[in-house]
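These are my notes from a first look through the structure.

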Amino acid sequence: MTVVSGVADARMDLERGSGDNMILNMGPQHPSTHGVLRLVIELDGEEVRRCDADMGYLHRGVEKLLEVHDYRGGITLTDRMDYTSGPSNNMAYLMAIEKLMGITDDIPLRARYLRTAVAELSRLAAHHIWLGTHGLDIGAMSAFLWSLREREKILYLFEEACGARLTTSFMRVGGTGPHDVGDQWLDNVEAFLNGYTLDEIDALLTENEVFIERTRDVGLITQEQALSYGLTGPVIRGSGIAWDLRKAQPYAAYDLVDFEVPVFTEGDVYARYLVRLNEMYQSKRIIGQCVEALRDLPLDAPSNVDLPQVVPPDIGRVPVDMEAMINHFKLVMHGVQPPPGESYFGIENPKGELGFYFVSDGTGMPYRCHVRSPSFVNLSIIEEISVGSLIADVVAIIGSVDIVLGEVDR
Amino acid sequence: MLVPAASPTLTAEAILDRIQQHAGAAYLNGRVDHGDPVAEVSPEALPALFPALRDDQELKLEQLVDVTAVHWPLDVGREFQVLWQFRSLTNNLFARVTARLSDGGSVASATATYASALYLEREVFDLFGIGFTGHPNLKRILLPEGYEGHPLRKEYPVEGPTFPEDAHRNDLVGQLDPDDFWADVDKANGA
């Protein structure tokens, strides 16, 4: 392409800098870039003149790998993208396959409530990482320790439900798969919710004058910018746009639970902080409702869709029942086989809209799978809003956009 | 404050009608797939279509959510299917526009209308080798500069181009003579 050669020159210009400006390499091993992000920043004194993000250090070719894994095998790749909220990523992937197969409406209520509860638990876990590290970037150490203490409790709940803390591979196409939880788990979630409090972190940061000085009127994103840059998640809700896929296009059990979408209009780092903090209170509300609903469901309520071509049969039936054995064999050998076609499905992940676009050719492996990663799209705004700010504020801006490099690079 | 509509203000068929009006003769076909409107247009219409879709008050597709592509190497002459996915937050709508082009071809960039295309088009360029004319900064984004090949093309091997062919061969295991090995170790230690 002819365009490329000119661009390489532009890059050289940036690295030389113009005049007396200084070029600063921030990352890829800078602690406040939250992973391996490299920012090439042109500085005039302490003011940022240009900012160029360089990413890809964690590129593993997930989209290519998904093309050679069957639909079930691909689950394990999804929680390695946004590793702060693994179960939520698993669910986006599974629900996209369910949409492709046209079985979204058949998913049993029990699975829908459990998915909602687990998605909100992972939202809490992800927001706790953000809250801790965001505070840490700006100099509030205690919030980090308290925040990760709460997250640890959530990871224990994940471990109890599916055996893993981070790379959960939770649930399967068609429902919960083998991961249905018992009453003991619900008790533990309830105990966690009863002991859960954000108030001490809230008291540390929200009214903290130093924190407010560092965040208010910093990294302003206007409504027009938020729309044009395709921002989603808490970032867009901090700029006065009440867009939340959980409300706008409800999936799982979000149409059955009661919650509010916090929106702030200022568009600065502080507004995004308030959005996420209030979201965490709402998540707690949603989890409580889901646990109650799960308790009210009869014990023998199905947790998987009743389709032998999607869900493996009860393993006890396989050696004695010819039909069950055939179904089991077909599923193990060929996996789930959606009919040929294409579809896109996105959910409200902690970082924004995580979408999966599938093209199926009717076999057990997707012909093409594209991941619409919220961190990747949200990251693009950093190049624009950090221009004109101080170098110390870039740290606050990166924290407030809340990216995970595993998901940016895929 | 922008408060989105509680439910979509237009049906999928109505969205396709609006897209057809804007694209005119360039509108090739439209269908409702898994509930989503999908319109195929010819690539020439795209530069005018992007601002038209955004500014149409009934559609108001304010966000370009996603740009990606699919490689169909057997479909000679139109190997690439590029797709743009839009959302209207105000009207709570979703739409997908696709265009087919040949290997080595270029399509118009959406960056003049949607800033989200700045990164998304670079990703498609990086992984597929599709050009976007009018993009201000079209260069690789995920892979390092100077990387050869475009991994999401179907002919690109999953293991990567430099993967040694004999890496899987079992007969190489045990070829090393342990006596030679320890002799080398002793030599290295000055014995």
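Entry 1, the build of chain B. I counted four helices and seven strands in chain B, and I keep in mind that this is a predicted model. Reading along the sequence, I noted the pattern α-β-β-α-β-β-β-β-α-β-α for chain B.

I looked up the radius of gyration and found 25 Å for chain B, whereas a compact globule of 191 residues would have one near 16 Å. The C-alpha trace of chain B spans about 85 × 45 × 35 Å along its principal axes. I also noted that 40% of the 191 residues in chain B are buried.

The contact draws 35 residues from chain B and 39 residues from chain A. On the side of chain B, strand S3 (63-71) and helix H3 (117-128) each supply at least two residues, and S3(B) gives the most, with six residues.

Helix H13 (residues 269-296) and helix H16 (residues 391-401) of chain A pack with their axes 9 Å apart, at an angle of about 30 degrees. Angles under 35 degrees count as roughly parallel, and I therefore describe H13(A) and H16(A) as roughly parallel to each other. Their crossing is left-handed. Val269(A), Arg272(A) and Tyr273(A) of H13(A) make the contact with Ala396(A), Ile397(A) and Ser400(A) of H16(A), and I sort these residues into four nonpolar, one polar and one charged.

Conventions: Residues are numbered from 1 along each chain as its sequence is written. Chains are lettered from A and ligands numbered from 1 in the order in which they are written. This is a predicted model: local features need pLDDT of at least 70, side-chain atom pairs count only at pLDDT 80 or more; totals for chains, interfaces and linings use all residues. Axes are lines fitted to C-alpha atoms, for helices over the stretch in contact, and angles run from 0 to 180 degrees between N-to-C directions. Angles under 35 degrees count as roughly parallel, over 145 as roughly antiparallel, 65 to 115 as roughly perpendicular and the rest as oblique. A crossing is left-handed if the near helix is turned anticlockwise from the far one by less than a right angle, and right-handed if clockwise. Two residues are in contact if their C-beta atoms, placed from the backbone, lie within 7 Å. Ala, Val, Leu, Ile, Met, Phe, Trp, Tyr, Cys and Pro count as nonpolar, Asp, Glu, Lys and Arg as charged, and the others, Gly among them, as polar. The radius of gyration is taken over C-alpha atoms; the globule rule is 2.2 Å times the number of residues to the power 0.38. A residue is buried if 20 or more other C-beta atoms lie within 10 Å of its own, exposed if 12 or fewer, and partly exposed in between; C-beta atoms are placed from the backbone.
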